[in-house]
Amino acid sequence: MDDLHLTLKTTFGYSAFRPLQREIIDAALAGRDVFALLPTGGGKSLCFQLPALHRTGLTIVVSPLIALMKDQVDQLQAAGVAATYLNSTLTADEARSRLRGLHRSEWRLLYVAPERLMLDDWKENLANWNVTAIAIDEAHCVSEWGHDFRPEYRQLARLRTLLPDVPVMALTATATERVRADIIRHLKLRSPEIFVASFNRPNLTYRVLPKDQPLKQLIEFVRKREDESGIIYCASRAATERVADGLAGRGFSARAYHAGLDADERARNQESFLRDDTKIICATIAFGMGINKPNVRWVIHHDLPKNIEGYYQETGRAGRDGLPGDCLLLFSGGDAAKQTHFIEEISDDQEKAIARGQLRQILHYAESAGCRRSELLAYFGEQFPGDNCGACDNCLEPRETYDGTIVAQKFLSTIYRIRQTGRFGVGLNHVVEVLTGAETEKIARWNHDQLTTYGIGKELTRPAWAAVGRELMRLGYVAQAEGEYPILELTDEGLAVLKSRAAITLTKPLALPKAKRITRREGEIECDEILFARLRELRKQLADERGVPAYIIFGDATLRQMAREYPTRLADLEGITGVGEKKRAEYGEIFTAAIASFLKTNPRVSFGGR
């Protein structure tokens with residue numbers, strides 16, 4: 001076992017590196033600039049934490065969120081690592097004490113927000129603290145093309161002038177190729193080693209359901225998971241409070257989180273969730289970036305996300321510990337119409353065009369009959385190697401198709417007639433209004449009520465026709481123009497099938513399927529569920545006594561392994577993931593004694609493959 005593996009085992013309690021971690025760490029220790037894209041739960045933090053223990057001097061970690069800093073420092077200190085943070089939550093005395101420690105070289109890692117790091121009076125500090133590495137977490141915040149741009153991240157480029165010889169590592173979980181290039185350019189990374197891991201999260205299951213009495217749907221979902229932590233993302237502050245109140249009123253442990261709450265209430269609700277006192281957080285997208293809670297078992301999107309990138313990032317907060325996680329999106333055409341309305345109110349044409357394109361992509365994902373995993377990976381330029389992922393609704397229960405020749409002919413013909421008579425094109429909504437015989441000002445002004453296709457589609461609702469139109473776009477029969485006027489045009493293929501009346505197969509709209517049991521899920525650890533529940537209670541008690549979140553003691557994966565292997569002596573903890581030397585010394589006897597006591601009145605359970 002080499003030195004890096006030894007540190008991995010004794011300090012962090014892991015027996016093997018995750019994909020690309022070792023290569024990233026080797027590049028960092030060789031003094032190279034590094035760009036690392038690892039999915040949520042892929043172990044980004046270890047890529048700068050472990051090298052910090054193998055080099056002299058201070059590693060500075062730039063982090064955008066106060067909660068994340070405290071969380072990671074708590075975890076590092078629990079593992080015996082000299083780490084600290086500086087942010088606005090500290091008293092003046094606490095801050096001075098930590099600054100004195102930095103001047104005395106007491107710390108190996110310092111977590112700090114970008115705006116504090118770039119203060120003018122920090123220039124002298126940075127010069128005197130023997131900074132030997134800089135890690136910039138959530139690096140996508142530097143790019144205007146990313147989903148969470150933060151102007152203060154742009155200032156970090158000045159670090160190159162202040163610390164010209166110090167290697168920089170930029171890390172993120174979500175970035176398209178355009179955003180990656182933006183990060184490297186703005187942070188002035190010098191010939192960086194670039195590492196891009198697979199975006200696939202095999203332990204996550206993806207499902208989309210038509211939104212139908214959403215509170216009832218949420219209750220049905222969480223009732224089966226009352227002991228599990230989950231996040232419900234909502235589009236508005238009012239919706240977060242309405243959903244949280246609706247669940248709490250029925251006895252579920254739920255709280256709201258959004259930017260409109262005062263800072264103290266936000267902090268209380270987040271801390272309650274991190275410590276497992278609150279099981280469900282109902283939040284806007286203000287919640288979650290960098291939330292290092294590994295045992296979030298499910299994520300629900302109550303409303304349609306604005307873009308694929310944000311959706312991927314938010315679903316990625318489930319199953320960070322590698323155990324199974326469920327991701328559910330409730331979809332309705334009404335949500336799409338609301339977003340379209342908001343987009344039309346954007347004054348900047350380029351911003352509006354980007355928002356329209358992002359909405360098209362998330363609608364394509366929600367309505368597609370194809371593999372959800374393949375759709376997500378394709379967005380990031382990755383191909384899923386297979387036809388069936390076995391862990392999304394469309395692969396587990398393929399959607400029914402039907403002969404859509406007649407409805408397709410009606411839709412394509414309407415586009416053709418409008419273009420033929422007016423010499424100009426129209427958007428999706430107008431085509432749907434013509435088909436359903438709407439009496440609008442534009443239809444009257446343009447004489448579209450005189451078209452032969454006017455009103456011939458009254459058998460379908462407007463949302464149903466809009467879905468047909470979007471599917472014809474996905475099939476390549478209709479194209480939507482980019483830019484200020486997203487008009488519909490027939491493609492060459494669309495014109496050909498219109499004239500030949502060729503058969504077209506369409507997919508039936510989303511229905512409310514009966515849930516299909518997934519017999520074996522990626523990341524699942526079979527264990528004695530009764531013992532696991534006992535160990536969770538013990539962990540919660542220890543965490544409350546120490547004033548930290550439960551996962552600072554041990555993660556769910558560690559407890560499930562204990563509840564499978566039944567370690568009753570300290571030596572038996574060898575090989576249990578997440579049990580480093582300091583944690584074994586501090587908690588080992590407590591947990592092994594609890595397991596030995598449990599076995600006095602309960603038989604061991606046998607598991608396949610043991």
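Q: Over how many bridges do strand β12 and β13 pair, and in what sense?
A: In this predicted model, strand β12 covers residues 296-301 and has β13 as a pairing partner. The pairing of β12 with β13 is in the parallel sense, and the number of bridges is four.

Q: Which residue in β13 is the bridge partner of Trp-298, and which residue of β13 stands opposite Thr-205?
A: Strand β8, residues 204-210, also pairs with β13, in the parallel sense and over seven bridges. Within β13, Thr-205 has Asp-326 standing opposite. For Trp-298, the bridge partner in β13 is likewise Asp-326.

Q: In what order do the six strands of the open sheet that holds β13 lie?
A: The pairing in this open sheet is parallel, and its edge strands, each of which pairs on one side only, are β8 and β10 (254-257). From one strand to the next the twist averages 20°. Read across the sheet, the order is β8-β13-β12-β9-β11-β10.

Q: Why is strand β13 described as largely enclosed by the rest of the structure?
A: The side chains of β13 can be sorted by direction, with Gly-325, Cys-327, Leu-329 and Phe-331 pointing one way and Asp-326, Leu-328 and Leu-330 the other way, and all of these are buried. Strand β13 spans residues 325-331 and is largely enclosed because the number of its residues that are buried is seven of the seven.

Q: At about what angle to β13 does helix α10 run?
A: Helix α10, made of residues 214-223, lies across β8, β9 (229-233), β11 (280-283), β12 and β13. Taken against β13, the direction of α10 is at about 170°.

Q: Which strands are the edge strands of the open sheet of seven strands?
A: This sheet has parallel pairing and the order β3-β4-β2-β5-β6-β1-β7. Its edge strands are those that pair on one side only, namely β3 (83-86) and β7 (193-196).

Q: By how many degrees are neighbouring strands of the sheet of seven strands turned against each other on average?
A: The sheet in question is the open one in which β3-β4-β2-β5-β6-β1-β7 is the strand order.

Q: Which residue in β5 is the bridge partner of Ile-60?
A: Strand β2 (residues 58-62) and strand β5 (residues 131-136) run parallel and are joined by five bridges. Helix α5 (residues 92-103) lies across β2, as well as across β3 and β4 (109-112), and runs at about 130° to β3. Returning to the pairing with β5, the partner of Ile-60 is Ile-134.

Q: How far from Lys-44 is the nearest side chain of opposite charge?
A: Lys-44 is found in the loop between β1 (34-37) and α3 (46-52). Beyond its neighbours within four places in sequence, Lys-44 is in contact with Leu-38, Asp-137, Leu-171, Thr-172 and Ala-173. Lys-44 is buried yet has no salt bridge, and the nearest side chain of opposite charge, Asp-137, lies at 5.1 Å.

Q: What is the relative accessible area of Ile-25?
A: Ile-25 lies in helix α2 (residues 21-29). Apart from its neighbours within four places in sequence, Ile-25 is in contact with Leu-4, Phe-17, Leu-46, Cys-47, Leu-50 and Pro-51. Ile-25 is buried, and its relative accessible area is 0%.

Q: Against which elements do the buried residues of α19 pack?
A: Helix α19 (residues 428-435) is mostly covered, with seven of its eight residues buried. Those buried are Leu-428, His-430, Val-431, Val-432, Glu-433, Val-434 and Leu-435. The elements against which they pack are α18 (405-422), α20 (441-445), α21 (462-474) and β16 (488-490).

Q: How many disulfides does a search of the whole structure find, and how far is the nearest cysteine sulfur from that of Cys-395?
A: The search of the whole structure finds zero disulfides. Cys-234 is in no disulfide, the nearest cysteine sulfur being that of Cys-282 at 5.9 Å. Cys-395 is likewise in no disulfide, a pair of sulfurs having to be within 2.5 Å to count as one, and its nearest cysteine sulfur, that of Cys-392, is away by 3.7 Å.

Technical notes
Residues numbered from 1 in each chain as written. Predicted model: local features only at pLDDT ≥ 70, side-chain atom pairs only at ≥ 80, totals over all residues. Heavy atoms only, no water. Helix = DSSP H or I, 4+ residues; strand = E, 2+ residues; numbered from the N terminus. Buried < 20%, exposed > 50% of the residue type's maximum accessible area, 1.4 Å probe, protein only. Lys, Arg positive; Asp, Glu negative; His and termini not counted. Salt bridge = Lys/Arg side-chain N within 4 Å of Asp/Glu carboxyl O. Contact = heavy atoms within 4.5 Å. Pairing = 2+ DSSP bridges. Axes fitted to C-alpha atoms, helices over the stretch in contact; angles between N-to-C directions.
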